[in-house]
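Please open the structure in your viewer and keep the selection tool at hand.

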Amino acid sequence: MSYQFAWHPQVWTLLAPMMVTCGAALFILMAELFVKNVAWKWPALFGLAAATALVLARWNTPLAQAEEALWGALRADRFTLFLQVAILLAAALSILSAHSYGALSSTRRGEFYVLVLLATTGMMVLVSAGDLITMFLGLELLSFPTYVLCGFLRRQIKSNESALKYFVLGSFASSIFLYGVALVWGAAGSTRLVDIGAAAPTPLLLLGTLLLVIGFLFKVGAAPFHMWVPDVYEGAPTPVTMFMATAVKLAAFGAFTRALIVAFLRDSLPLEGILWWLACVTMIVGNLSALTQVNIKRLLAFSSVAHAGYMLLGLTAVAASGSTDGAAAVLYYLLAYTFMNIGAFTVVMLLGRRAEGGLLFERDWSGIARKHPILGLAMALFMIALGGLPPTAGFFGKYSLFRTAIDAGLVSLVVIAVLNTLVSVYYYLRVIVAMYMRPEREPSVPVLESAGRAHAFDGPGAMAAEEIASAPPPRLSERGAWAARVVVLICVIATLWLGMGPSRGAVPGMSRIMQWAEDAVASLR
Amino acid sequence: MGFAPLIWLLPLAIAVPILLLGVQRLLAPKAQEADKGDPYECGAPPIGSAHQRLPIKFYLVAVLFLLFDIEVVFLFPWSVVFGRLGWIGLTQMLVFLGLLELALVYVWRKGALEWD
C-alpha cells in the first residue's frame, strides 16, 4: 500500500499565517543567540502583522480544496479567521505592553517573544482545528509556552508559584481532555468533528464529550474548574496575565464553540442542562468571589471567571434554541472583552509599583487619578465597560448575549445574569471610588515592608529592604513607558468604538463587528 | 459494544496486585531486623542521607538526553515505511530534524552543554 498525499497549493494559503508566526518565533530564537541588545518586539510585531494580513486576505476566499487535502484537520472558514485576527491582536497588544514592563524585568529578552509567538501559533491551530487530534495539538502548543511565561520572573516566588500551579493543573486538564478524545474516538470511530456530529449517540460518546467539556472549561477558567485562575493571574507577569486572560480565552472559547456546534450539540446529548448550570455557577462564583478581593489582579481574575460565565450563557442559548445567534454574541463579547481587559491590565501594570508590588487598590490606588488623570480616566472607562454600562463595548456585548438568551427562552438564567451584573458593578466601581474619591496616601511603612518581602527573591536588581523604605519605588507610568500608553489608547478607542461605532443591523449603535461575528458563525455549518 | 471486554480488565487489574502482595505476605519468612529498614545500595552499607542535593546539571543533561532520544524514537517507525513515503516523507522528516537541530544550536550557544 502506498500513501497518497492529496497536496493542494491552497494548503500553503491555509497554513501561511501559522507558519509566519512560528517562523518569526524560530527566527528570534536563533537570532538572539548571535546578536545582543536588539529590540525583539519589532520582529515579533512584524510577524504578527504579517500573519494578520495573511488571515484577512482570506476573508472572501473559501479554501475547500485545502481542507480536503488536510482531511479536514484544519478549517479555513470565517469563524477561524475572525478568531485568528482577534488572537493576533491580543498577542500584539500584550507584546507592546510587555515592552514597557520590560523596563523593570527580564521580559525584554528574546525568549519572551518566542514564547508568546509560539503560544499564538498554538491558538491559531486550536481555533481552526476541525479534528480532535489537531485540537489537542493546538491546545498543548498554546499551553506549554504559557506555563513558562507565567514563571518568567524566575526570581520572584509568586511567579514561580503561578507557573507551577498552572503547569500541574493544566497538564491534568490536558490529560482529561485527551482521555475524552480517546473515548469519543472509541464511540464515534473518528476524531473529525463532522463525523462525530453524525455518530450514533451512545453513553460512551456522552462520557467522552463531558471529559472534553471539562478540558475546555479548565482553559477558559469556568467554575468549578476556576481554582487556578486567581493565583496564576496574580503571580504571572502582568503582560502575561493579560495575554492569558484574553488570547487564551479567545482560543479556548473559539474551539469550544466550534466543537459544540459542529459535533456535540444534539438533542440526543443532554448538554443544555449541563451548560445552564455551568453558566449559572460560574457567574455567581466569579462575581461573589471578586467582591472581597483587595488585590486588583485577583479582582480582575475573578472578574474574568465571571465573564466566562456570561459567555457560557451565550452557548447555553445555542444549546437551547439551536440557533447560532448566541455563538455570534459570544464572539462579539470575546472581542469586546479582549480590549477592555488588556486595557485594564495595562493600566494596572503602569500604576503598580515596581511592576508587581502595590496592587492593593484600596491602599495603593487611593487618589491616584489626581496624579495620573489620563490613566485614571482610562481605567474608569475599562471598569465601566467590564461592568457592562453604556456607551461601551461591554454594554453591547452583554446586551446581545442576554438578548439571544431571552430569545432562546432562558429567562430565569438571564435574570440571574442581570443580578450578577449588578453585583459586579459594585466591585468595578470600588476601583473608581478608590482612584477618584479617596485622598491620596503616601506609601506608609507597612506597605513598604510587604513590598520588600515580595521582592526578597528579586536578584541583582532588587533593592534592599531599607532602601525601599527610604525611597518608594517609582510607578511604571512615571518612566515614560510609551508602548503601554499606546496600548491603553488603542484599547480605549476600541472599547468606545465597539460601543458607539458605525451601526449596522437591527439594534441601533451595535457595531458592524456583530455582522462579522454572525458571518463567522454562519460559516460553521 | 466491542469495548465491554475492556471492563473485565478492571477487576483483573485490581485482583492481580492484591493476590501477589497477599501471597508473599502469607508465604514469606518474617524476620525483623534494624538493617532491613535501610535503603538498598547494592549491598554496600548506606552512608549519609538519601535526601542529598545534587547539582542541577544532571537534570539538564537528563532532559536534553530525553529530548534527543525521543527524536530517535520517531526515526524508527519512519525508517520502516521510508520507502513507501517517498519524497514527501523524506522532506517532512528533514523538516522535523531541522527544527530539532535548531534546538541543538540553541542549547549549545546557551552553554547548556558546558559542565562548568
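Which pattern does chain B follow when read along the sequence? Select chain B to find out: the pattern is α-α-α, with three helices and zero strands. Please bear in mind throughout that this is a predicted model.

**Chain B as a whole**

Along the principal axes, its C-alpha atoms fill a box of roughly 65 × 60 × 20 Å. The radius of gyration of chain B is 25 Å, whereas a compact globule of 116 residues would have a value near 13 Å. Of the 116 residues in this chain, 0% count as buried.

**Where chain B touches chain A**

Now display both chains together. Eight residues of chain B are in contact with nine residues of chain A. On the chain B side of this contact, six residues are nonpolar, none is polar and two are charged.

**Chain A as a whole**

Select chain A next. How many helices and strands does chain A have? Its secondary structure comes to 23 helices and zero strands. Chain A has 525 residues, of which 59% count as buried. Among the contacts in chain A with a separation of 6 or more, 78% are accounted for by residues 24 or more positions apart.

**Helices α9 and α11 of chain A**

Select residues 203–220 of chain A, which form helix α9, together with residues 238–264, which form helix α11. The two helices pack at an angle of about 160°, and their axes are 8 Å apart. Because of that angle, α9(A) is roughly antiparallel to α11(A). The crossing in which α9(A) passes α11(A) is left-handed.

Show the side chains at this contact. Sorted by class, the contact of α9(A) with α11(A) has ten nonpolar, one polar and two charged residues.

Move to Pro224(A), which lies in the loop between α9 and α10 (228–235) of chain A. Is the peptide bond from Ala223(A) to Pro224(A) cis or trans? This bond is cis, with omega near 0°.

**Ala279 of chain A**

Select Ala279(A), which has its place in helix α12 (residues 271–291) of chain A. Why does Ala279(A) count as buried? Ala279(A) counts as buried because there are 27 C-beta neighbours inside 10 Å, and the cut-off is 20 or more.

Apart from its neighbours within four places in sequence, Ala279(A) is in contact with Gly309(A), Leu312(A), Leu313(A), Thr316(A) and Leu413(A). Select Ala222(A) as well: it is 57 residues from Ala279(A) along the chain, and their C-alpha atoms are separated by 8.1 Å.

**Helices α14 and α17 of chain A**

For the last stop, select helix α14 (residues 325–351) and helix α17 (residues 373–387) of chain A. Their axes come within 9 Å and cross at roughly 145°. Here α14(A) passes α17(A) in a left-handed crossing.

Which residues of α14(A) meet α17(A)? They are Met340(A), Gly343(A), Ala344(A), Val347(A), Leu350(A) and Leu351(A). On the side of α17(A), the residues are Leu375(A), Ala378(A), Met379(A), Phe382(A), Ala385(A) and Leu386(A). By class, the contact of α14(A) with α17(A) has eleven nonpolar residues, one polar residue and no charged residues.

Definitions and conventions: Residues are numbered from 1 along each chain as its sequence is written. Chains are lettered from A and ligands numbered from 1 in the order in which they are written. This is a predicted model: local features need pLDDT of at least 70, side-chain atom pairs count only at pLDDT 80 or more; totals for chains, interfaces and linings use all residues. Two residues are in contact if their C-beta atoms, placed from the backbone, lie within 7 Å. Ala, Val, Leu, Ile, Met, Phe, Trp, Tyr, Cys and Pro count as nonpolar, Asp, Glu, Lys and Arg as charged, and the others, Gly among them, as polar. Axes are lines fitted to C-alpha atoms, for helices over the stretch in contact, and angles run from 0 to 180 degrees between N-to-C directions. Helices (H or I, at least four residues) and strands (E, at least two) are DSSP runs, numbered from the N terminus. Angles under 35 degrees count as roughly parallel, over 145 as roughly antiparallel, 65 to 115 as roughly perpendicular and the rest as oblique. A crossing is left-handed if the near helix is turned anticlockwise from the far one by less than a right angle, and right-handed if clockwise. The radius of gyration is taken over C-alpha atoms; the globule rule is 2.2 Å times the number of residues to the power 0.38. A residue is buried if 20 or more other C-beta atoms lie within 10 Å of its own, exposed if 12 or fewer, and partly exposed in between; C-beta atoms are placed from the backbone.
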